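Thanks for coming. I have one model to go through today, and I will keep to what can be read from the coordinates.

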Amino acid sequence: MTGSEVSAVVLDLGEVLVRWDPLPALAAGVGEAEARAFLTEFDFDAWNHEQDAGRSFADAFAWLDQHAPRWSRHGRAYLEHFALSQVGEVEGSGAVVRALLAAGVPTFALTNWASETWSAALERFEVLRTFDDVLVSGEVGTAKPDPAIYAMAAERFGHPPSSLFFTDDKPANVEAARAAGWDAEVFTGADALAAALVARGVLDPDWA
């Protein structure tokens, strides 16, 4: 794509702006050995994705109680100590977001995030409050890489898919964005993101 075709930028948040690691949260509630067991012996990612897609934690805990009671206290510990899973900002990404906004580039976020934990992230990380808009999967009931969320985001952000540049750390989410007509790149670091934006004419070469 040429730079003139990109009129807005959309970023994923987890591992793009915010470092996320469930281990510290789990370990605070059940100890490190049990936390590691939960993450390796149970499909935590699939279970957690359901909350990202709109399932309440109450329903998630009920599912554990019925189908995997061995892990019931682990799931509850994750929510109780969720703040510890937010281990810091991704170096350099916040500066790129602020540069985009300072340049007047419409800048949005599209994140897989449970609605019940989103407010904690907003409170802690100021950069998350600077976007023009953020579409949170848990609030709309569908999550990446479901094609529906990309159509929903393009409509809500007010830009045609072909004018959106998107970055995400998960290749499957990037491929889904491309299938939806977006320009998209896998996130590998803030420097590479800035270079991609400069190449498309979205940021000036001397943006920093």
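Leu11 stands opposite Ala109 in β4. Before I go further: this is a predicted model. That pair belongs to the contact between strand β1, residues 8–11, and β4, which run parallel and are joined by three bridges. On the other strand, β6, Leu11 stands opposite Thr167. There, β1 and β6 are parallel too, with four bridges joining them.

Now the whole sheet. In what order do the strands of the open sheet come? The order is β5-β4-β1-β6-β7, five strands with parallel pairing. At the edges are β5, residues 133–136, and β7, residues 183–186, each pairing on one side only. From one strand to the next, the twist averages 20°. As background, strands of a sheet pair through backbone hydrogen bonds, in either a parallel or an antiparallel sense.

Let me take β4 next, which covers residues 107–111 and pairs with β5 in the parallel sense over four bridges. Two contacts to look at: Phe108 has Asp133 of β5 as its bridge partner, and Leu110 stands opposite Leu135 in β5. Is β4 enclosed or open? Five of its five residues are buried, so β4 is largely enclosed by the rest of the structure. Side chains in a regular strand alternate between the two faces of the sheet. In β4, Thr107, Ala109 and Thr111 point one way, Phe108 and Leu110 point the other way, and all are buried.

Strand β6, residues 164–168, is also mostly covered, with five of its five residues buried. Leu164, Phe166 and Asp168 point one way from β6, while Phe165 and Thr167 point the other way. Note that a charged residue type, Asp168, is among the buried ones. Four bridges join β6 to β7, and the two run parallel. In that pairing Phe165 stands opposite Asp183 in β7.

Phe165 comes up again with a tryptophan. Trp182 sits in the loop between α10 and β7. Trp182 and Phe165 are 17 residues apart along the chain, and their C-alpha atoms are separated by 6.3 Å. Is Trp182 buried or exposed? Its relative accessibility is 4%, and the cut-off for buried is under 20%, so Trp182 counts as buried.

On to the helices. An α-helix has 3.6 residues a turn, so residues three or four places apart point the same way. In α10 the buried residues are Asn173, Val174, Ala176 and Ala177. Seen down the axis of α10, these fall within an arc of 160°, so they line one face of the helix. The face of α10 turned away from that buried side carries the exposed residues Pro171 and Ala179.

Helix α11, residues 190–199, has Ala190, Leu193, Ala194, Ala196 and Leu197 buried. The arc, viewed down the axis of α11, is again within 160°, so these buried residues line one face. Asp191 and Ala199 are exposed, on the face of α11 turned away from its buried side.

Next, the pocket. How much space lies in the largest pocket? About 500 Å³. Its lining has 23 residues, and those nearest the centre are Trp20, Asn48, Asp52, Asn112 and Lys170. By class, the lining has eight nonpolar, seven polar and eight charged residues. Helices α3, residues 44–52, and α10, residues 171–179, each supply at least two lining residues. With four residues, α3 gives the most to the lining.

Last, two backbone points to check before anyone sets up a calculation on these coordinates. Most residues other than glycine have a negative phi, and most peptide bonds are trans. Glu15 is not a glycine, yet has a positive phi of about 70°. Glu15 lies in the loop between β1 and β2, the latter being residues 18–20. With a relative accessible area of 22%, Glu15 is partly exposed. The peptide bond from Lys144 to Pro145 is cis, with omega near 10°. Pro145 is placed in the loop between α8, residues 137–140, and α9, residues 147–157.

That is the end of the walk-through.

Definitions and conventions: Residues are numbered from 1 along each chain as its sequence is written. This is a predicted model: local features need pLDDT of at least 70, side-chain atom pairs count only at pLDDT 80 or more; totals for chains, interfaces and linings use all residues. Side-chain values use heavy atoms; hydrogens and water are left out. On a 1 Å grid over the protein atoms alone, a cavity is a set of points where a 1.4 Å probe fits but cannot get out, and a pocket is an open set with protein on both sides within 12 Å along at least five of seven lines; lining residues have an atom within 4 Å of a point. Grid points are joined across faces, edges and corners, and a volume is the space filled by probe spheres set on the points. Two strands pair if DSSP finds at least two bridges between them. Axes are lines fitted to C-alpha atoms, for helices over the stretch in contact, and angles run from 0 to 180 degrees between N-to-C directions. Buried means under 20% relative accessible area, exposed over 50%, partly exposed in between (1.4 Å probe, protein chains only). The arc is that of the directions from the helix axis to the C-beta atoms.
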